[in-house]
Structure formats: structure tokens, C-alpha cells
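Okay everyone, let's walk through this one together.

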Amino acid sequence: MEVVLRKGGQDRMGIKIGFLGAGRIARALAQGLLRDRENSWDLVASTRTRESGEAFVKAVPRARLYPQERNRELVQESDIVFLCVKPREVVGVLRQVRPATVGKWIVSVAAGVSLASMVEEVDPSARILRAMPNLPSLVGQGVTPYCLGPGWSASDREQAKKLLERFGVAVELEERFFPLVTVLAGCGPAYFCAFLIPLLEFATERGLSAPEARRMLLSTFSGAAELLKQTELDPAEVVHESRTPGGITNAAITVLEQKEWQATLRSALDAAWSRAKTLEES
Ligand SMILES: NC(=O)c1ccc[n+]([C@@H]2O[C@H](COP(=O)([O-])OP(=O)(O)OC[C@H]3O[C@@H](n4cnc5c(N)ncnc54)[C@H](OP(=O)(O)O)[C@@H]3O)[C@@H](O)[C@H]2O)c1
């Protein structure tokens with residue numbers, strides 16, 4: 001199968017993408033694809049129940065929706081299939097669609113499901129890519145670590161990377177790093193948002209409107225991220241530079257240190273790591 005992702009200015013073409021599973025990550029990926037102005041995407045998704053299907057079609061009105069009984073047909077019709085069901089459902093779904101997987105590209109985003117276990121369940125001519133996208137893929141600002149199963153040609157590898165770059169940054173990594181990148185990139189947006197909640201509450205309790213607080217804090221954090229991206233500064237240096245003895249930042253950071261917040265964060269990461277390793281080994 002040949003999938004050519006065009007550069008701007010060339011003819012647009014319809015690339016048929018099928019989503020097996022139409023939940024949270026499928027919605028983010030589908031919306032991310034629809035932001036792409038260089039290619040046109042023909043989207044179809046399947047779900048187990050009506051509820052998740054309705055949420056998908058609301059977010060992606062031009063997508064077609066199939067019940068799970070038509071999963072095989074969905075794969076047959078698609079150039080590229082995104083496998084977006086829960087990890088425990090992956091093997092069953094692949095067995096159901098196997099006859100239709102001849103020559104297809106299958107992008108699995110299921111946490112903890114190895115390439116080897118999926119390769120066994122599809123036609124030998126199918127190409128499997130394992131990826132761990134995150135929710136900012138919806139706005140083209142995601143980070144997608146990925147690794148490839150057997151049989152990818154050099155030009156297909158390049159095309160696959162281009163496909164994932166529709167969602168933001170794509171990083172090819174050895175599969176053994178997947179539990180780690182899941183803990184960091186997959187879960188990272190939730191850590192950031194959890195951190196933001198008390199800051200927003202603090203601001204609005206003191207009279208700033210919610211939209212003002214949101215705009216100001218988001219610009220502050222994206223500015224801090226940009227500062228690190230564009231300079232050689234180390235995060236510890238930024239903390240040090242901001243921390244005048246007797247000053248305001250110092251008062252805040254001192255309390256964070258007294259409360260051993262870094263140890264708390266490390267415990268949270270250890271818990272996520274342990275869950276990711278368990279999934280990977282199950
Ligand atoms: N959420 C994230 O940020 C994220 C990030 C990276 C990777 N992932 C991975 O993405 C996968 C999905 O996660 P999610 O958070 O999107 O879960 P979710 O919201 O629960 O979505 C799962 C979807 O699969 C559907 N489904 C279940 N069995 C099916 C079948 N046999 N055929 C077709 N569809 C079926 C579900 O339908 P019903 O709702 O009707 O049961 C639902 O639409 C997981 O493997 C997860 O590890 C998630």
C-alpha cells in the first residue's frame with residue numbers, strides 16, 4: 001500500500017483513516033488530522049456502544065460511524081487503521097479484523113500492548129506501528145513516541161513519521177522505552193493540568209476573572225517552556241535566578257521544599273511507572 005502525504009501546494013487527496021474505538025484519544029487524533037490543511041482525510045470510526053459514538057461524531061461531525069460488528073469492513077475500507085481500544089480489547093479486535101488486514105498500516109496507541117503480541121494477530125503483510133500519542137495531538141502540539149514492527153520499507157518509514165507529525169513532534173524510540181514515555185509524555189498533560197488547577201483557584205479567589213487567570217497562567221507557562229527551549233538554561237538555574245533571598249518566589253519555593261513536594265512528585269511518577277510496567281508485562 002502506498003500512502004503519500006503531500007506537502008502544501010500539491011494536489012489534495014483523500015486518505016482513508018479508520019479508528020477502531022472512538023473514545024478520548026481517537027477523538028483527539030481525528031480532530032488533529034482535520035486541522036491538517038495539506039491533506040484531506042476521510043474518517044470512519046467504530047465503537048462498542050452508542051454513547052461514545054455520539055461524542056465522537058459531535059467532535060468530528062464529518063466522520064462516519066460503524067458499530068463494532070462492522071470492524072472488519074472498517075479495516076477493509078481504510079488505508080491506515082488507528083487501533084484505539086483499551087489494551088485488554090486489542091487482541092480480540094485484531095482477531096476479528098485479521099482477514100481484512102492484508103497490506104494495511106495499523107497504528108496501535110494501546111498502552112502496554114507489545115508489537116510482538118500484535119504482529120501475531122494480523123496478516124503477515126500488515127505493517128504495525130506502536131505509538132503513544134498525547135492529548136495535545138488535538139491541536140497539533142502533541143508528542144508521539146513510536147516504534148515500528150517488521151517489514152517497513154525505508155520510504156514507508158518516512159511516510160509513517162510524516163503521518164505522526166500531523167499531531168506534533170514524532171520521536172522514534174526503542175520499544176523498551178514505552179513504559180517510560182507513557183509516564184512522561186502520555187500522562188504529562190494531565191500532570192500539568194493538575195498543577196494548574198490550584199493556581200487558577202488562587203487567582204479567581206482573589207478577584208481575577210477565570211478567563212483572565214487562564215490566559216495569564218497559560219502564557220506564563222508556555223513562556224517558561226519556550227525560555228528553556230530557546231536557551232541553554234537548566235530548569236534549576238531558572239529557579240535559582242528567580243529566587244532572591246527574602247523575595248517572593250523564594251517564599252513560595254521554600255514552602256514547596258519544606259513540604260517535600262519533589263518527593264511527592266517522585267512517588268506519583270513511581271506509581272505511574274509501576275502501572276505502566278505491569279501493563280507492559282501482562
Ligand atoms: N486517553 C489518552 O490520553 C490516551 C493516550 C495514549 C494512548 N491511549 C490508549 O488509547 C486507548 C483508548 O484509550 P481512551 O482513553 O481513548 O479510552 P476510551 O475513551 O474508553 O475509548 C475506547 C473506545 O473503544 C471502544 N471499543 C471498545 N471495544 C470495541 C470494539 N470491540 N470495537 C470497536 N470499538 C470498541 C469504546 O467504545 P465504548 O465506549 O462504547 O465501550 C470506546 O469508544 C487505550 O488503549 C489507551 O492505552 C490513551
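So, first stop: Thr 101 is buried, with a relative accessible area of 0%. Buried here means under 20% relative accessible area, exposed means over 50%, and partly exposed is in between, with a 1.4 Å probe and protein chains only. Before I go on, this is a predicted model, where local features need pLDDT of at least 70 and side-chain atom pairs count only at pLDDT 80 or more, while totals for chains, interfaces and linings use all residues. Residues are numbered from 1 along each chain as its sequence is written, and side-chain values use heavy atoms, with hydrogens and water left out.

Back to Thr 101, then. Where does Thr 101 lie? In the loop between α4 (90-97) and β5. Those labels are DSSP runs numbered from the N terminus: helices are H or I with at least four residues, strands are E with at least two. Leaving out neighbours within four places in sequence, Thr 101 is in contact with Val 75, Ile 106, Val 122, Asp 123, Ser 125 and Ala 126. Contact means heavy atoms within 4.5 Å. A polar atom of the Thr 101 side chain also sits 2.9 Å from the backbone nitrogen of Asp 123. For a polar contact we want a pair of N or O atoms within 3.5 Å; within protein, one must be able to donate a hydrogen and the other to accept it, and residues adjacent in sequence count only if both atoms are side-chain atoms.

Next, Ser 108, which is found in strand β5 (residues 105-108). Is Ser 108 buried or exposed? Buried, at 0% relative accessibility. A polar atom of its side chain lies 3.3 Å from the backbone nitrogen of Ala 110. Not counting residues up to four places away in sequence, Ser 108 touches Leu 83, Met 118, Leu 129, Arg 130 and Ala 131.

Let's zoom out to the sheet. This is an open sheet of eight strands, in the order β3-β2-β1-β4-β5-β6-β7-β8, with mixed pairing. The edge strands are β3 (64-67) and β8 (168-172), each pairing on one side only. Two strands pair if DSSP finds at least two bridges between them. From one strand to the next, the twist averages 25 degrees. Helix α1 (residues 24-34) packs on the sheet, touching β1 (14-20), β2 (40-47) and β4 (80-83), and the direction of α1 makes about 170 degrees with that of β1. Axes here are lines fitted to C-alpha atoms, for helices over the stretch in contact, and angles run from 0 to 180 degrees between N-to-C directions. How many bridges join strand β7 (residues 142-148) to β8? Five, and the two strands run parallel. Along that pair, Val 143 stands opposite Val 169 in β8.

Now for the annotated positions. In an unreviewed entry, UniProt lists Asn 71 under "binding site", and that annotation covers Thr 47 as well. UniProt positions are given in the numbering used here, feature names are shortened, and annotations may be inferred rather than shown by experiment.

Asn 71 lies in helix α3 (residues 71-77) and is buried, with a relative accessible area of 4%. The Asn 71 side chain makes a polar contact of 2.6 Å with the side chain of Ser 46. Thr 47 lies in strand β2 and counts as buried at 8% relative accessibility. A polar atom of the Thr 47 side chain is 2.9 Å from the backbone oxygen of Thr 49.

What about the ligand? It is surrounded by 24 residues, and the closest are Ile 25, Arg 48, Thr 49, Gln 68 and Val 85. A residue is near a molecule or strand if one of its heavy atoms lies within 4 Å of it. A backbone N or O atom of Ser 46 lies 3.5 Å from a ligand nitrogen atom. On the oxygen side, a ligand oxygen atom is 2.9 Å from an N or O atom in the Arg 48 side chain, and a ligand oxygen atom is 3.4 Å from one in the Lys 86 side chain.

Last, the overall picture. The protein chain comes to 12 helices and eight strands, and buried residues make up 35% of its 282 residues. Okay, over to you!
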